Amino acid sequence: MLTKEFHTHANSQTIQERHRKLYEELYRSCPTVVSAPATLLWSPTYAVGPGGIGLISKLPLRIHIGIEPGAQSGISYGPMRYFIPERDEFEDWDTTRCNPLLLEMLAHVAAPYSKGQGARIWMLCEIPWYRGLNVDPLCGASIATAWLLHLGAITPGEVAEFVKMPTDQLASSKAFEKVFRLAWKLDSIIANWLSDAQITFATL
């Protein structure tokens with residue numbers, strides 16, 4: 001049996017209760033914040049790509065992405081933190097590890113919108129990184145949704161509508177199409193390979 005020190009009861013609610021100041025800082029600094037649940041993949045990616053059935057479960061952990069408007073031009077990273085359950089603390093992520101194409105893609109999408117000229121991206125990720133828990137598509141979907149909301153390309157009402165739609169009706173949602181296309185690109189950039197978009201689709 002593991003000793004008490006090796007076990008930390010963690011779900012989104014308990015993590016937020018224990019680290020309330022970090023969440024308050026995020027929501028106070030960022031007018032636009034979205035969150036999405038973690039996923040557990042049951043079906044192998046290489047089966048889904050050629051057309052197999054994808055099976056995914058949602059986990060009681062979330063990623064929170066915020067957009068902080070800036071007075072200066074350019075898109076950059078703000079505080080980017082991920083949870084370490086063994087230490088019950090958030091650790092700063094080294095943003096130099098991220099492909100620079102991600103910020104370039106966001107700048108390209110923002111070009112037609114005056115609102116996107118200056119911004120910082122914040123993150124609080126309750127899912128531990130580097131453990132095969134599908135963080136790449138989760139980040140892609142959350143950043144895409146937050147960014148398009150920030151730009152005014154989609155509305156909160158449209159997001160609330162498509163997240164409740166049956167799967168066979170999603171193709172009729174222009175807002176879903178905008179988010180999904182950008183999220184798929186960001187997932188591929190973060191993962192450094194062409195994603196099959198299975199988890200990206202399930203996250204949305």
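Contact here means heavy atoms within 4.5 Å. This is a predicted model, in which local features need pLDDT of at least 70, side-chain atom pairs count only at pLDDT 80 or more, and totals for chains, interfaces and linings use all residues. Residues are numbered from 1 along each chain as its sequence is written, and side-chain values use heavy atoms, with hydrogens and water left out.

**View 1. S12 and the residues it touches.** Leaving aside neighbours within four places in sequence, S12 is in contact with P60, L61, R62 and E126. The side chains of S12 and E126 are joined by a polar contact of 2.9 Å. (A polar contact is a pair of N or O atoms within 3.5 Å; within protein, one must be able to donate a hydrogen and the other to accept it, and residues adjacent in sequence count only if both atoms are side-chain atoms.) S12 sits in helix α1, residues 12-18. Helices (H or I, at least four residues) and strands (E, at least two) are DSSP runs, numbered from the N terminus. Is S12 buried or exposed? S12 is buried, at a relative accessible area of 10%. Buried means under 20% relative accessible area, exposed over 50%, and partly exposed in between, with a 1.4 Å probe and protein chains only.

**View 2. The whole protein chain.** The secondary structure comes to 8 helices and 5 strands. From the N terminus on, the elements run α-α-β-α-β-β-β-α-β-α-α-α-α. The radius of gyration is 17 Å, close to the 17 Å that the globule rule gives for 204 residues, so the protein chain is as compact as a globular protein of that length. This radius is taken over C-alpha atoms, and the globule rule is 2.2 Å times the number of residues to the power 0.38. Along its principal axes the C-alpha trace spans about 55 × 45 × 30 Å. Of the 204 residues, 46% are buried. Among contacts between residues at least 6 apart in sequence, 74% join residues at least 24 apart. The protein chain exposes about 11200 Å², and carbon and sulfur atoms supply 56% of that area. Accessible areas come from the Shrake-Rupley method with a 1.4 Å probe; for residues, only the protein chains shown count as cover.

**View 3. Helix α7 and its cover.** Helix α7 covers residues 174-191. How far apart are its end C-alpha atoms? They are 26 Å apart, which agrees with the 26 Å that its 18 residues should span at 1.5 Å a residue. The expected span is 1.5 Å times one less than the number of residues. Buried residues of α7 include F176, F180, L186 and I189. D187 and S188 are also among them. Their cover includes α4 (101-110), α5 (135-151), α6 (156-162) and α8 (198-203). Just after α7, N192 takes a positive phi of about 60°.

View 4. S173 is found in the loop between α6 and α7. At 8% relative accessibility, S173 counts as buried. A polar atom of the S173 side chain lies 3.0 Å from the backbone nitrogen of F176. Beyond neighbours within four places in sequence, S173 is in contact with F162 and M165.

View 5. A disulfide is a covalent bond between the sulfur atoms of two cysteines. Here the rule is a pair of cysteine sulfur atoms within 2.5 Å. By this rule the count comes to 0 disulfides. C30 is in no disulfide, and its nearest cysteine sulfur, that of C139, is 15 Å away. C30 is buried, at 4% relative accessibility. C98 lies in the loop between β4 (89-92) and α4. Leaving aside neighbours within four places in sequence, C98 is in contact with Y77 and W93. C98 and A191 are 93 residues apart in sequence, yet 9.3 Å apart in space, C-alpha to C-alpha.

View 6. P50 lies in the loop between α3 (45-48) and β2 (56-69). P50 is exposed, with a relative accessible area of 72%. D88 is found in the loop between β3 (74-84) and β4. D88 counts as partly exposed, at 24% relative accessibility. Most residues other than glycine have a negative phi. Phi of D88 is near 50°, a positive value.
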